[in-house]
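Student: Please take a close look at the contact between the chains, and then at the side-chain pairs and the metal site. Keep the explanation plain, and give the cut-offs as you go.

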Amino acid sequence: MSLLETRGVTRTYGKGTTKFDALRGINLQINKGDSVAIIGKSGSGKSTLMHILALLDHPTTGSVFLNNEPTSKIKNKALNKLRNQTFGFVFQQFFLNAQDSVLENVMLPLKIAGVTGRERRTKALAAIKAVGLESKVKNKASALSGGQKQRVCIARALVNDPQIIFADEPTGNLDSATSENIENILFKLHQEKNITLIIVTHDPDLAKKCERQIQIKDGQVVGGTQQ
Amino acid sequence: MRFHDILNSAATNLWHNKGRTFLTIIAVFIGSLTIAITMGINNGVNDYLKKQVGNVGKTEQMSILPGSSSQDTNEPQKYNTKKSSQNADGMMDKNDVKKIKSVKGLKDFKALKDCDVDYVQGPNKTKYIIIAQITEGINYDLKVGHQVATSGKKAQILITKPMVKSYGFKNAQDALGKKVTLVTKSPVTKKKAKISATVVGVRNDSIVSKGFAIYSNGLGEKIIAANQKGLPHALKDKYVSVIATPVNKSASSIKKVEDNLTKKGYSGMTLKEAVNELFLTFNAVTGVLIVFGAIALVAACFGVINTLYMSVRDRTKEIGLMKALGLSKGKVFSIFSCEAILIGLFGSSLGLLLAMGLGSAINNFAAKSFLKGLDGFTLIQFNWSSSLLIIGIICLITFLAGTLPAKRAAKLDPITALRYE
Ligand SMILES: Nc1ncnc2c1ncn2[C@@H]1O[C@H](COP(=O)(O)OP(=O)(O)OP(=O)(O)O)[C@@H](O)[C@H]1O
Ligand SMILES: [Mg+2]
């Protein structure tokens with residue numbers, strides 16, 4: 001069953017002489033429960049594609065379909081709800097609020113959703129436990145190691161029980177042991193909760209663990225596998 | 001996002017940038033302080049006026065005198081029918097009264113004659129000169145007793161507090177019902193006449209007819225009769241003033257009546273205007289303060305705008321993240337508006353608190369110096385409604401100033417914001 005689909009998606013940055021086509025006609029389909037790796041060289045347009053799939057950005061031309069409905073028709077309010085409750089994001093940089101505690105950071109999506117009190121705390125603590133950071137709940141985000149920060153990001157992404165997790169280079173800056181740990185967490189979620197995973201990476205090992213790879217070069221799909 | 005989370009986010013951010021927040025608050029604080037003091041003075045003055053004039057009734061009653069143009073200049077004045085040397089002495093005759101009565105928009109005319117009294121004697125027989133006037137029919141502020149009769153033949157008098165002791169009464173209560181003797185003489189016959197009057201009340205210190213004793217209508221008539229004994233008939237019609245009531249009590253129509261009187265060579269002023277004139281100095285002070293406060297608030301607005309732009313810049317990534325996580329434009333706008341309002345709230349409350357402190361210090365000083373003798377005049381006063389109004393207005397101003405940066409934050413595109421370095 002098609003969860004996300006793109007038809008002839010392009011994305012052009014800038015105007016005039018600085019005009020740059022980051023994506024040039026992307027057609028692809030991602031099914032519910034898939035685990036997909038988007039691979040390619042730096043600057044090939046992976047992050048741009050992921051942002052468009054995650055409805056954080058709009059294609060210049062072409063269209064994106066979510067559950068076979070064109071996403072251009074989604075109203076702002078519904079879009080905010082999707083971002084908050086259906087999608088989970090792990091960004092290339094961590095984007096944690098350095099001054100806040102781990103708990104506060106993980107609670108952020110719940111805060112935005114308007115969840116309060118005990119429910120908010122319980123859910124956040126459960127997510128923190130899922131990534132094995134129980135001992136750091138009260139620590140400031142700035143006082144964590146890179147791997148721990150990334151785990152906080154994953155906890156934040158899964159705290160609202162999303163259907164899809166988008167992860168942009170989740171193991172980009174981490175050593176192999178830590179990477180493995182992060183990968184295990186993600187694939188465990190994929191298997192246990194049937195969460196669709198869309199992972200941008202240039203790590204071939206991580207890509208191999210996904211059921212499918214989509215290779216991007218200069219803004220176009222140049223190859224990939226379908227298992 | 002719930003309201004308390006929005007508030008929390010705003011407050012936390014203000015707290016994280018303590019120095020910046022503090023500096024912005026100072027400008028708001030100064031504006032609020034000066035405006036609160038101004039309001040305090042206004043309250044104090046109004047409260048005093050209410051005490052003094054509020055129960056007087058008939059504050060729109062107008063007293064009409066000959067035009068004062070002859071005293072305004074040292075140059076000899078050209079003669080015309082409106083301006084003769086005869087009425088330069090401040091007295092009016094029958095013709096004047098007739099002319100005044102012809103002015104439209106006035107009713108209930110009463111021409112008051114002069115009553116000259118040589119001296120007055122109380123129980124201790126000491127002779128005192130007296131400044132007094134016939135009742136204008138208003139309610140004088142009394143410590144004890146009741147008002148004098150405005151018609152009829154009863155000879156009654158209201159005396160002032162200092163007169164009580166000097167005339168030889170034990171206290172104000174003791175004076176009630178007792179007699180004083182007024183001695184007057186006719187300028188023609190030079191014969192003395194003794195008129196006795198009953199004290200029916202003792203006046204409080206007041207800015208209305210300050211220091212004047214008040215005669216009843218009957219007492220006034222008796223004194224005038226004694227004054228005019230032997231005077232040729234034509235000279236008897238000398239009036240000091242005419243009192244009248246405007247038909248329409250709105251400020252604009254009263255102004256019109258006064259303009260018409262001026263054209264005819266007279267000047268009219270209502271009791272209210274006369275009292276307000278006494279407070280011109282305070283109005284000048286509050287005027288300067290208001291201007292100062294307004295300037296401080298304008299400066300504060302720029303401070304708030306600047307601070308919030310800095311805050312939006314600092315938090316660009318955070319805003320991008322929150323928007324990516326589904327926070328709506330409206331909520332982002334609220335977070336920054338909240339920050340602005342909190343600055344306004346802290347600044348204005350602090351300003352108000354200091355104004356209250358300063359106010360009581362100034363009041364203490366004033367009571368011992370320049371307001372000595374004005375009973376019941378507390379210069380600076382605060383009340384809940386106007387204090388809350390000031391806080392409310394300042395919060396509104398800071399909110400409005402904050403809308404510019406808050407709008408910019410709300411419009412941020414999440415991806416651009418996340419890429420922001
Ligand atoms: N806001 C922007 N304005 C102009 N050009 C942009 C903008 N964002 C991205 N680009 C360009 O688009 C291209 C694709 O960028 P993108 O971030 O998608 O690359 P990527 O594949 O994720 O690379 P990396 O692996 O280094 O993260 C790059 O050449 C980049 O310079
Ligand atoms: Mg990238």
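Tutor: Chain A and chain B bury about 2000 Å² between them, with carbon and sulfur atoms giving 61% of that area. Buried area here is the accessible area (1.4 Å probe) that two parts lose on being put together, summed over both. This is a predicted model, in which local features need pLDDT of at least 70 and side-chain atom pairs count only at pLDDT 80 or more, while totals for chains, interfaces and linings use all residues. Residues are numbered from 1 along each chain as its sequence is written, chains are lettered from A and ligands numbered from 1 in the order in which they are written, and side-chain values use heavy atoms, leaving out hydrogens and water.

Chain A brings 21 residues to the contact and chain B brings 20 residues, where contact means heavy atoms within 4.5 Å. Between the two chains there are 5 residue pairs in polar contact, both residues being at pLDDT 80 or more. A polar contact is a pair of N or O atoms within 3.5 Å; within protein, one must be able to donate a hydrogen and the other to accept it, and residues adjacent in sequence count only if both atoms are side-chain atoms. On chain A, helix 1, helix 2 (76-86) and helix 3 each supply at least two residues of the side that touches chain B. Helix 3 of chain A gives the most, with 4 residues. Helices (H or I, at least four residues) and strands (E, at least two) are DSSP runs, numbered from the N terminus. By class, this side of chain A has 8 nonpolar, 8 polar and 5 charged residues. Ala, Val, Leu, Ile, Met, Phe, Trp, Tyr, Cys and Pro count as nonpolar, Asp, Glu, Lys and Arg as charged, and the others, Gly among them, as polar.

The count between the chains also includes 1 salt bridge, a side-chain nitrogen of Lys or Arg within 4 Å of a carboxyl oxygen of Asp or Glu. Arg120(A) and Asp5(B) form a salt bridge, with their closest N and O atoms 2.8 Å apart.

Over all chains the count comes to 14 salt bridges. One of them joins Arg212(A) to Asp34(A) at 3.5 Å, N to O. Arg212(A) is in strand 9 (residues 212-217) of chain A and Asp34(A) in the loop between strand 2 (20-31) and strand 3 (35-40), so this pair ties together parts 178 residues apart in sequence. Both residues are buried, meaning under 20% relative accessible area, with exposed over 50% and partly exposed in between (1.4 Å probe, protein chains only). Lys111(A) and Glu104(A) meet in another salt bridge, at 3.1 Å, N to O. Lys111(A) is buried at 13% relative accessible area, whereas Glu104(A), at 30%, is partly exposed.

The magnesium ion (ligand 2) has Ser47(A) (OG) and Gln92(A) (OE1) as its protein donors, 1.9 to 2.5 Å from it. Ser47(A) lies in helix 1 (residues 46-53) and Gln92(A) in the loop between strand 6 (87-90) and helix 3 (102-113) of chain A, so the pair ties together parts 45 residues apart in sequence. Donors are N, O and S atoms within 2.8 Å of the metal (3.2 Å for Na, K and Ca); water is not among the atoms, so sites may look incomplete. Ser47(A) is buried at 16% relative accessibility, while Gln92(A), at 36%, is partly exposed.
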